[in-house]
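Hi,

Here is the structure I promised to pass on.

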Amino acid sequence: MDSQTAVPKQTGHDASMEGKLKPDSLGVLGILFFVLSAQAPLTAVAGAVPFAVAIGSGAGAPTAYLAAGAIVLLFSVGFVAMSRHVVDAGAFYSYIGKGLGRPAGSGGAGLALLAYCAVQAAMYGLYGATVSALVEHYSGVHVAWWVWVLVTMAIVQVLGALGIEMGAKILAVFVLAEFSILIVFALVTFFKGGGPQGLGFTDSFSPSAALKGAPGVALMFAVASMFGFEATAIYGEEAREPRRTVPRATYLSVAVITSFLAFTSWMLVSAHGASRATGDAGKALQSGDATSFVFAPIAALFGGWANDVLPILLSTSLFAGILAFHNSANRYLFSLGREGLLPHGLTSINRRHSPWAAGTVQTMLSVLLVMPFAILGKDPVLTLFSWLSGVSVLSIMLLYFLTSASVVVFFRRSRTDTRPWNTLIAPVLGALGIAGAVWVIVDNFTTLIGGDQTTAIWLQITVPVVLVLGVVAARLTRPRAEATG
């Protein structure tokens with residue numbers, strides 16, 4: 001390509017910004033909306049709470065959300081300490097690499113990509129089924145779930161390329177809508193004094209309630225609901241004053257998510273009645289529509305219109321999560337291209353300083369993950385959503401563990417931060433909690449994916465395989481990475 005054709009590609013770009021994302025684009029609230037979108041509040045509540053209550057610890061399930069929040073908070077202390085020293089779109093790759101070395105960091109990047117792409121593909125499965133059912137209900141026309149998924153992939157690709165500010169504005173609308181109806185339901189139920197058996201505080205938060213039934217299963221679903229808060233660091237390059245914004249956004253997101261999930265799940269248990277909640281959740285699961293455990297009391301409180309609105313909000317909740325994970329994954333691809341671990345072409349940015357090339361690759365990966373289920377005629381909820389959700393949760397928890405270990409090693413070696421609580425005690429406690437959560441997830445993986453033992457084993461194997469492939473990739477690309485660096 002000659003200089004005559006090269007010049008227009010630089011129009012609108014600051015030369016110093018080549019290979020960089022747009023700085024000063026997001027504040028604390030902007031990042032918070034991306035995190036809450038990844039959480040998909042309505043999806044997390046409607047998809048996990050019925051299982052946590054039915055096959056977990058019953059009325060004591062809300063305590064599991066507090067326990068999961070405590071583990072995540074301990075992890076966040078070291079995570080935040082590291083964020084003050086590393087600002088990079090490939091957050092986990094950079095964090096793990098700083099402490100455990102580049103090969104381990106590359107393995108972590110592989111896990112992060114697996115986690116984000118898998119959870120996005122899982123969401124596409126539930127999203128496609130939900131939208132297909134909604135369209136058929138209101139129009140009588142049946143369109144296959146995967147058609148809606150492909151259309152949405154194109155929309156997500158366009159929105160991702162339009163820039164981070166546009167994505168934040170769209171996500172803000174969707175998140176506020178789903179968050180509002182749930183929190184209003186919870187607050188009204190609380191101030192009314194709870195359901196037929198009162199608030200039932202001790203039924204949900206006493207030690208005996210927390211240990212009732214299968215608390216490990218409840219903790220597993222609670223931990224799965226926390227997925228996505230770590231995205232605060234991914235947007236560090238695009239944040240205003242990242243060394244202040246990222247820590248604030250991280251702590252705020254953990255506090256908001258934990259409080260919201262614990263309070264909402266408590267009010268749902270209360271609305272059914274502590275003694276009846278487990279049975280009602282079990283019936284919802286047996287009916288094939290677990291969301292009825294959540295939607296029924298909301299409709300009973302607000303009226304029949306809620307039954308029409310909630311499925312629509314579920315679809316927008318899933319769309320928001322899909323867009324948030326698209327942005328997270330393409331920034332990992334962008335960062336790995338910049339580090340020389342993947343082709344340098346992934347660092348291409350458009351006039352809005354969005355990683356359009358990485359976004360295109362991420363969309364292609366989504367197609368490759370989703371379409372085999374469509375071609376084979378698999379149920380998008382029972383297979384695509386369930387299976388890949390399990391893979392993503394296991395991947396992200398292993399990633400958290402590696403990050404906690406890296407934090408301890410990095411600060412012990414560099415001495416750039418000598419605060420014991422922030423750089424040693426909290427990360428070690430967080431790592432222990434995460435290790436326990438990983439053990440629970442592996443031990444109950446068949447329950448998590450709703451499949452058989454053979455399927456569970458194959459899905460679990462993919463996680464360490466991707467980790468090893470990432471390590472190998474780092475060793476094979478070392479000369480190229482050193483040349484680009």
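L32 sits in helix α2 (residues 28-39); helices here are DSSP runs of H or I with at least four residues, numbered from the N terminus. With a relative accessibility of 10%, L32 counts as buried (under 20% relative accessible area, using a 1.4 Å probe and protein chains only). Leaving aside residues up to four places away in sequence, L32 touches L252 and S253, where contact means heavy atoms within 4.5 Å.

The axes of α4 (residues 61-83) and α13 (residues 242-272) come within 9 Å and cross at roughly 175 degrees; axes are lines fitted to C-alpha atoms over the stretch in contact, and angles run from 0 to 180 degrees between N-to-C directions. That makes the pair roughly antiparallel (over 145 degrees).

Now the caveats. This is a predicted model, so local features need pLDDT of at least 70 and side-chain atom pairs 80 or more, while totals for chains, interfaces and linings use all residues. Residues are numbered from 1 along each chain as its sequence is written, and side-chain values use heavy atoms, without hydrogens or water. The protein averages a pLDDT of 84, with 88% of residues scoring at least 70 (pLDDT is the predictor's confidence in each residue, from 0 to 100). Confidence is lowest in α1 (residues 3-10), at a mean of 37, and highest in α17 (residues 356-375), at 94.

Cheers

Notes:
Helices (H or I, at least four residues) and strands (E, at least two) are DSSP runs, numbered from the N terminus. Angles under 35 degrees count as roughly parallel, over 145 as roughly antiparallel, 65 to 115 as roughly perpendicular and the rest as oblique. Buried means under 20% relative accessible area, exposed over 50%, partly exposed in between (1.4 Å probe, protein chains only).
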